[in-house]
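Student: I have a model open and want to check its labels against the numbers. Can we go through them?

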Amino acid sequence: MKLASLKHGRDGRLVVVSRDLSRCIAVPQIAATMQAALDDWANVVIHLRDVSDALNAGTLADAQPFDPADCAAPLPRAYQWVDGSAYLNHVELVRKARGAEMPPSFYTDPLMYQGGSDDMLGARDPITIRDEAWGTDLEAEVAVITDDVPIGVTPVQAASHIRLVMLVNDVSLRNLIPNELAKGFGFVLSKPASAFSPVAVTPDELEGHWHDNRLHLPLRTWINDIWLGEPNAGEEMTFSHADLIAHLARTRKLGAGSIVGSGTISNKDRSRGSCCLAEVRMIETIDDGAPTTPFLKAGDTVKIDMWDAKGQSIFGSIEQTVRLS
């Protein structure tokens with residue numbers, strides 16, 4: 001099943017989307033918004049699936065064409081957005097580029113930060129920045145949305161609370177990060193609004209590519225229509241999505257509509273490219289002594305997508321242009 005939120009008010013209008021992303025239908029009689037559906041998931045999911053089945057069968061005469069440009073983020077504002085760093089190849093490169101060793105705890109204890117969740121961007125919304133000197137970067141990731149998660153769940157228990165999967169561009173302002181981290185209190189200014197894929201899908205929709213709580217498909221990225229990378233999101237993911245949820249829930253419960261990101265997808269195989277410019281620059285620093293690839297500038301375009309075995313987009317693509325405010 002595929003769901004989206006069309007732009008409408010502050011929380012969007014929930015629609016069921018056809019598998020091929022060509023048609024959609026609003027379902028106010030079931031749930032007016034994505035958040036309302038998540039709040040009552042056990043009761044509404046059967047009715048949403050009935051609509052999805054009819055939509056894919058072509059039996060709904062009142063279905064409308066689906067246009068990703070009409071979409072807000074699946075959750076235009078969320079109760080919680082927490083991002084991990086589950087791909088330790090990316091973390092190792094970061095530390096190697098500055099001559100630092102990996103602490104042993106990084107292999108057993110996930111890195112996570114709490115991001116702002118009051119302003120989530122739709123897949124076609126611009127990346128708006130105020131200063132190019134801040135070092136704007138994309139971070140292509142996979143994220144999951146949960147229902148209510150009790151405190152103290154195990155990873156096995158956490159897996160049963162994953163309701164939807166989507167893509168995310170976790171925008172970072174790289175040149176602001178060092179000073180913030182030096183304060184020892186986490187990211188704030190260096191993490192502006194993130195953008196999400198037009199569609200969020202249930203794990204069963206992923207045709208066997210979702211297993212061990214990881215999505216085993218390449219995540220493809222382009223900048224200005226030039227290929228940046230396609231590392232596999234399931235490989236070398238040290239901490240699964242369930243692991244990240246369980247870590248987060250160690251000391252608190254999670255409310256329905258919590259979004260948990262994977263962190264930048266990264267593989268050791270360099271031929272697969274990268275999902276962020278910082279990683280490209282780190283490799284240049286390791287190999288050549290200094291980075292040469294610039295960060296994003298006004299007018300640059302970013303595209304992030306994931307395809308099924310037939311080469312069709314699963315979530316719809318994130319396509320953004322960088323703008324100066």
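Student: How many aromatic pairs does a search of the whole structure find?

Tutor: Three. Keep in mind that the model is predicted.

Student: What makes Trp81 and Phe196 an edge-to-face aromatic pair?

Tutor: Their ring centres are 5.7 Å apart, and the planes make an angle of 80°.

Student: Why is the pair of Tyr113 and Phe187 called edge-to-face?

Tutor: The centres lie 5.1 Å apart, with 80° between the planes. The cut-off is over 60 degrees, so the name holds. Tyr113 belongs to strand β6, and Phe187 to the loop between α5 and β12.

Student: Why does Tyr113 count as buried?

Tutor: Its relative accessibility is 12%. Buried means under 20%, so Tyr113 qualifies. Phe187 has 24%, so it is partly exposed.

Student: What lies over the face of Phe187?

Tutor: Lys191, at 5.3 Å from the ring centre. Elsewhere, the charged end of Arg281 sits over the ring of Phe295, 4.2 Å from its centre.

Student: How do you know that the span of helix α7 agrees with its 12 residues?

Tutor: At 1.5 Å a residue, α7 should span 16 Å. Its end C-alpha atoms are 16 Å apart, so the two agree. Buried residues in α7 include Leu277, Val280 and Ile283. Gly289 follows the helix, with a positive phi near 95°.

How values were computed
Residues numbered from 1 in each chain as written. Predicted model: local features only at pLDDT ≥ 70, side-chain atom pairs only at ≥ 80, totals over all residues. Heavy atoms only, no water. Helix = DSSP H or I, 4+ residues; strand = E, 2+ residues; numbered from the N terminus. Expected span 1.5 Å × (residues − 1). Buried < 20%, exposed > 50% of the residue type's maximum accessible area, 1.4 Å probe, protein only. Phe/Tyr/Trp six-rings, centres within 6.5 Å; stacked < 30°, edge-to-face > 60°. Lys NZ or Arg CZ within 6 Å of the ring centre and 35° of its normal.
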